[in-house]
Amino acid sequence: LTGEEYLQLRQQPAMALRTYRLFICFLSNAAVCCSATERRAVLPKAAVLTDIVAADSTTCLQSFETRQPSELARLSLSSGKSLPFDAGHYMMCVEVPKSRYLLITMSASGVGPNKPMKMEVGLCVPEECLVADAPDLLKSPMVLKIIPELSQLTLHSVSATSPTSMQPDAVGVVVMALVGTICCTIIWATFAQLRAKRHRSRWGDHGTPSQVLDAGTGALVGTQSASSQPMTPDSSGVPLEQTSTRPRRPGMLAQMFSLVGETGTVTKLLECPPYKPTDCLNGIRVLSIFWIILGHTFLMPTSIAGYSNQMDVVATSLNTHAAENNPFMMMILSAQSGVDTFLFLSGFLLSMLTLKELRSRRGKMNILAAIVLRYLRLTPCLALAMLVYYKVWPLLGRGPFAPRFQDSIISKCDPYWWSQLTYTMNFIPFDSDKVCMGWTWYLGVDMIFFIMGVFILPAYYRSRLLGWLSVITVAGMSFGITVWLLVSHNLSVYVFDEHYTDYSYWAYSKPYTRVPAYLVGVAAAWFMDELEQKGITRNNRPTGLAAQIGATVAAVVAFSVLLFLTFIPATDFGYYRKNSWGPVTSVLYLCFGRPLWASCWAVITLLCYYGYLPIVDGILSARCWTPLARLTYGAYLLHPLVIKLAAGRALQYYTFSAEDMLYRYLGNIICAFGGAALLWVFVERPALTLTSTALKKGGNNRSGAPANGQTSSGDPEKGGAQQQQQQQQQQQQMMSQRSLHQAPETQHASVEMTQRLLEHHAPESQHPSVEMPQRAPQHQGPESHYASVETTQYDGDCSTGVSAKIPEVTKHTGAIKVAELPGSSQSTSQGGSEGSSLTHEFSGFALEEEFSALPHRAMQRNKVRSLSVDSLDPRTHPAVRDVCDPRTINCSRDPRARALRDPRVTVWCKPAEPTEEKATTVVAPLRRR
């Protein structure tokens, strides 16, 4: 480079800091200066003689003499005057003509007996002054008048940055165009879905003309088509338009990006599935991400803006009673344990769902398909977040800290952006501080653990001994490596000095130090599976006094250990206690504390699963957690973007206090989950809809082939019984199509024939008689015999929608009275979310064989209006036995009747009628044939 080219280079956006480093390299008498990012020689010594003359500090100092007193006063008012941290007034400096803002960083000695203290001050100087003039500026008479304390200090390592505007490159323009295109697609898809829904409301759900029922009896008297008489006028009095065109279902693109409809992104986000024993994991997941955001709210701004009262945070000789002495500070600094909770959840859910999948497929599993589906499930959200962070976020930086904010992104993402998409960020680069999106190290270890898990779990299915040996071997190797790293590099938990830097470099984000917490989740699922294989389930768990006492003691111990692990690091913090832990204590906490933390959550999860902690389970399984749990992946990806952007646009340093932390923390949560909702609408849910549709088509086209990635997506309902369900659906469709074109009398005869078939195959002792319905059901098309119930399973960090279909029977008051699920003639895949009234002729019912999957609490979650069991025997029926006490008439006396806690639910029990005329019960489903 020539000197003139070098002067032009230093004026380019985001190049001030890099060129300053090159200039310092030249001043250090090096023969050749090298670029830290390009790793090659770029600045020969003889090429910058012109730059030496141009950057002479005398030019900068003389510029002060040429300014008017009023201009110098404005420069002084715009500069910082309070050490150790004062950014001045950036916006005032920008308004001063021919001025430049410099944020100068230095190390100062002579403050106390400790090592040099870091200081920063913002100066508003004439435009002739460059970043290279910072050392001479601090010694100039003008600056010493502004900050007299500088004359009493010995300054070292002086550097400066100057904010500059940035322009988007070609990739940035493409990213912004992509986001805009997705927005337009969402708007178009939503209108297309609404139009299709309106069109279907005229024709029916499946493109058939609406059926006409007699107003008095409700019997089917005919159909109404385009070739018949005009259709009934709408609410405005205008007859509906006759047309012979059958309504078309929206295309795949509209189904993927629409906000509403059966597969609408917002619809799926707000759906609350029936209660499951594992719903306590929703609350654990959301509370864990809340805790992680709290820790990052404190730590992440320190590398960009920082705190003006740093001496009130870290204890020094100037302030021995800083915040680190407060034990409650551990509530912030121990937030890293939330990552171990996520690792436990990921291992637990993968193990539990994979075992069910292996049993349904008799040990067969498509490992490659599961890994590919896992990659496709996680990568779209990660890719979009990285593109926005890498190419758009630096453009938004403004203020004193914008150069740091921009350099923290560009210098890391330029060389290593690809490691994010290949999930190799834990090793490339090895230093976690140089990773493009450093907080995504968790995705790297989780992907590695997932690949490891899909090999270990089939081995456990074939041989339990082999599975346990694999887990013990991997855990033992991890413990050995972690102990060696902690001892050899003298690592500890103290985060305010080089110990935390060394720990982050060697051990914090490496898979071989994090795997024990994941294996605890895997082993917990195995233990639960062993109990269920022995017949110990949620319904027939031990309920004696000893079992209740043991469960209570285990819960108390688990919560006590969690609190102990949270606050015990306080003994290594404080001015008089910092770094007081020896190697043994550090090894015990950093090596064995993480699996112990995961073990405590395993105990709590199992106790909630088996119903021993109803209060805790009720809190963690609350319905409000369900939508938030679906957004935890997006919130995990985006909350650092919120924190970093706020620091990159700050005009002054943060002030650490409890109140400041609280409102910044709450703001970060709101913005992070708001961004996660946008990410869900833009990418996450559309990608899930696309992959789910592809899997369904692949399963239909390749009978007998495993559903790719079922274990990964967490779909235990569809498992190995997919072919059997398809055959049942085909039989139901054939029966529905035959009954569609029959006359009313023929339909009644068909119902009678079906009823006799059901009675013939049902045990006589349980199904003595079934009364005939008074009117035929309204036809709903091929899918009318099923009411779908949307559930949610979780795989690692991601939530996946799973649909489980429940057979329906005709509603008949006084004959068959069972739990009514919300459903309507318009709802076939949302569990009645669009129409929850029970006034339709075809509402959802749960048959006898399905009661095991729908306990009374699941009915409550579906807003059950009533549960009448006057025709069922409480002593024999499993669903009634779980709600009502057969010895009493009033269910309120039974503590197991949890549905009574919801004022919207009315539950009553009556003893079974002894007469055969009124003794009716639920018939067996047709698939028993």
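## Disulfides and ring pairs

Cys93 is buried, and Cys124 is buried too (buried means under 20% relative accessible area, exposed over 50%, partly exposed in between, with a 1.4 Å probe and protein chains only). Welcome to a predicted model, where local features need pLDDT of at least 70, side-chain atom pairs count only at pLDDT 80 or more, and totals for chains, interfaces and linings use all residues. Residues are numbered from 1 along each chain as its sequence is written, and side-chain values use heavy atoms, leaving out hydrogens and water.

**Disulfides**

- The whole structure holds 3 disulfides (pairs of cysteine sulfur atoms within 2.5 Å).
- Cys93 and Cys124 form one of them, with sulfur atoms 2.2 Å apart.
- The torsion about the S-S bond of Cys93 and Cys124 is about 85°, so this disulfide is right-handed.
- Another disulfide joins Cys60 to Cys129, S to S 1.8 Å, and both cysteines are buried.
- Cys413 and Cys436 are also joined, S to S 1.9 Å, and both are buried.

- Cys184 is exposed, at 54% relative accessible area.

**Aromatic pairs**

- A search of the whole structure finds 32 aromatic pairs (rings of Phe, Tyr and Trp, the last by its six-membered ring, with centres within 6.5 Å; planes under 30 degrees apart count as stacked, over 60 as edge-to-face and the rest as tilted).
- Phe298 and Phe656 have ring centres 5.6 Å apart and planes at 70°, so they are edge-to-face.
- Both Phe298 and Phe656 are buried.
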